[in-house]
Amino acid sequence: MTFGGDGPWAVSVMWIVTALTFVFVLLRIYTRTYVVESYGLDDHVYNLAFVLLLCYTIMTTIAAQHGFGQNMFDIADVEDLVKAILFEAIGQTFAVVGMAVAKWSLGLFLLRLVTQTWHKVVIWITMGSLMAASISVCFVFWLQCSPPAYLYDRRIPGGYCYVNTTPVSFTLCILCVFADFFFAIFPWAFLWNLQMNQRKKIVIAASMSLGLIAGACGIKRTIEVPKLSSENYTVPLIVWSAAEIAITMICIGVPVIRPLYKDFINKLSRATRSTSGYKKQAPSRYGLKTFGGSTMPGASRREENSEAAKKRLEEMPNNRSDEEILREYR
């Protein structure tokens with residue numbers, strides 16, 4: 001069986017978003033390893049989310065080779081039909097878990113920034129609820145038929161599917177959308193109280209609020225869920241699931257690789273000044289604050305060691321500076 005129907009465009013879109021996500025994975029690894037030197041658990045979870053997205057794309061590609069994307073009644077070979085449904089079902093499992101893992105990466109990232117107990121509790125509740133819902137959907141999906149193999153092989157005599165998975169899938173989609181909007185809005189709550197420039201607060205909070213885009217994709221995917229009851233393939237749902245994971249990871253990656261962008265701009269600026277004949281300026285007394293906790297290489301730390309700086313730190317709430325708070329996720 002060759003590609004046909006909606007299979008080619010679905011697989012093409014999925015590989016494009018997977019490749020684009022891989023670029024952000026590489027940039028994030030480089031930033032956290034070499035720029036800020038603060039590689040943590042959230043980075044491992046982020047990479048795991050990409051592996052699940054990659055597996056989802058691979059399984060869907062194999063399913064398309066057996067007829068996924070075409071009208072099921074147009075697939076003449078029953079063996080191809082069985083394999084198409086099987087690999088598509090395996091891919092859906094990777095997608096369901098992958099969406100939760102991607103959002104866990106963002107949750108763990110925020111846990112390294114927040115300092116108040118109730119902030120941490122709310123984040124953990126959101127993450128726990130999302131993962132519990134994802135695992136539940138996987139169990140319901142694979143155990144909806146008796147025997148379970150009847151899900152993808154309707155030739156089994158006496159088989160019957162007695163569970164409608166649409167309600168649980170719909171619930172998971174709603175939770176994913178809620179998590180996207182919560183993680184996008186929540187950073188404003190704790191960043192706004194930090195002792196730092198207001199413009200910088202807005203830039204950082206806005207970059208961490210890109211999850212609103214992922215939430216929009218989640219809404220579109222939720223609209224497609226009722227089509228699960230159809231006897232034919234739900235190609236748009238498959239594609240939007242991959243798009244939501246990819247966009248979630250890209251939105252998570254943007255604020256994390258911000259130090260790399262700032263480092264590149266600083267180096268470009270220094271190179272421009274050195275070649276334009278202008279006198280080289282003295283380094284700033286204030287280090288560039290980055291996600292990752294540490295100041296950028298080359299920044300002076302004399303301000304931190306001065307008596308005036310110590311006095312300011314003592315006057316701040318909880319005796320902590322904004323830089324120290326941002327170092328929480330080291």
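In helix H8 of this predicted model, the residues Gly 211, Ala 214, Gly 215, Cys 217, Gly 218, Arg 221, Thr 222 and Glu 224 are buried. Because these residues cover an arc of only 160 degrees around the axis, they fall on the same side of H8. The helix itself comprises the 14 residues 211-224 and reaches 20 Å from its first C-alpha to its last, close to the 20 Å expected at 1.5 Å a residue.

An unreviewed UniProt entry lists residues 12-31, 43-64, 84-109, 121-143, 168-190, 202-223 and 235-257 under "transmembrane region". In the model, the span of residues 12-31 is 100% helix and 0% strand, with its end C-alpha atoms 29 Å apart, while the span of residues 235-257 is 96% helix and 0% strand, with its end C-alpha atoms 33 Å apart. Helix H1, which covers residues 7-35, contains Thr 21, a residue that counts as buried because its relative accessibility is 0%. Leaving aside residues up to four places away in sequence, Thr 21 touches Phe 50, Leu 53, Ala 246, Met 249 and Ile 250.

Nine salt bridges are present in the structure. In one of them, Arg 28 pairs with Asp 43, the closest N and O atoms being 2.7 Å apart; since Arg 28 lies in helix H1 and Asp 43 in helix H2, the pair ties together parts that are 15 residues apart in sequence. Both partners are buried, Arg 28 with a relative accessible area of 1% and Asp 43 with a relative accessibility of 1%. Asp 43 also meets the side chain of Arg 32 in a salt bridge, at 3.3 Å from N to O, and this pair links helix H1 to helix H2 across 11 residues. Arg 32 is likewise buried, with a relative accessible area of 0%. Arg 28, Arg 32 and Asp 43 belong, together with Asp 42 and Arg 112, to a network of salt bridges.

A further salt bridge joins the side chains of Lys 103 and Asp 180, at 3.0 Å from N to O. Lys 103 and Asp 180 are both buried.

The mean is highest in helix H2 (residues 41-65), at 93, and lowest in helix H11 (residues 302-305), at 42. Over residues 278-306 the pLDDT stays under 50, although the model has 60 contacts for this stretch beyond four places in sequence. Residues 308-330 also have a pLDDT below 50, with 57 contacts in the model beyond near neighbours in sequence.

Key:
Residues numbered from 1 in each chain as written. Predicted model: local features only at pLDDT ≥ 70, side-chain atom pairs only at ≥ 80, totals over all residues. Heavy atoms only, no water. Helix = DSSP H or I, 4+ residues; strand = E, 2+ residues; numbered from the N terminus. Expected span 1.5 Å × (residues − 1). Buried < 20%, exposed > 50% of the residue type's maximum accessible area, 1.4 Å probe, protein only. Arc of directions from axis to C-beta. UniProt positions renumbered as here; feature names shortened; annotations may be inferred. pLDDT = per-residue confidence, 0-100. Contact = heavy atoms within 4.5 Å. Salt bridge = Lys/Arg side-chain N within 4 Å of Asp/Glu carboxyl O.
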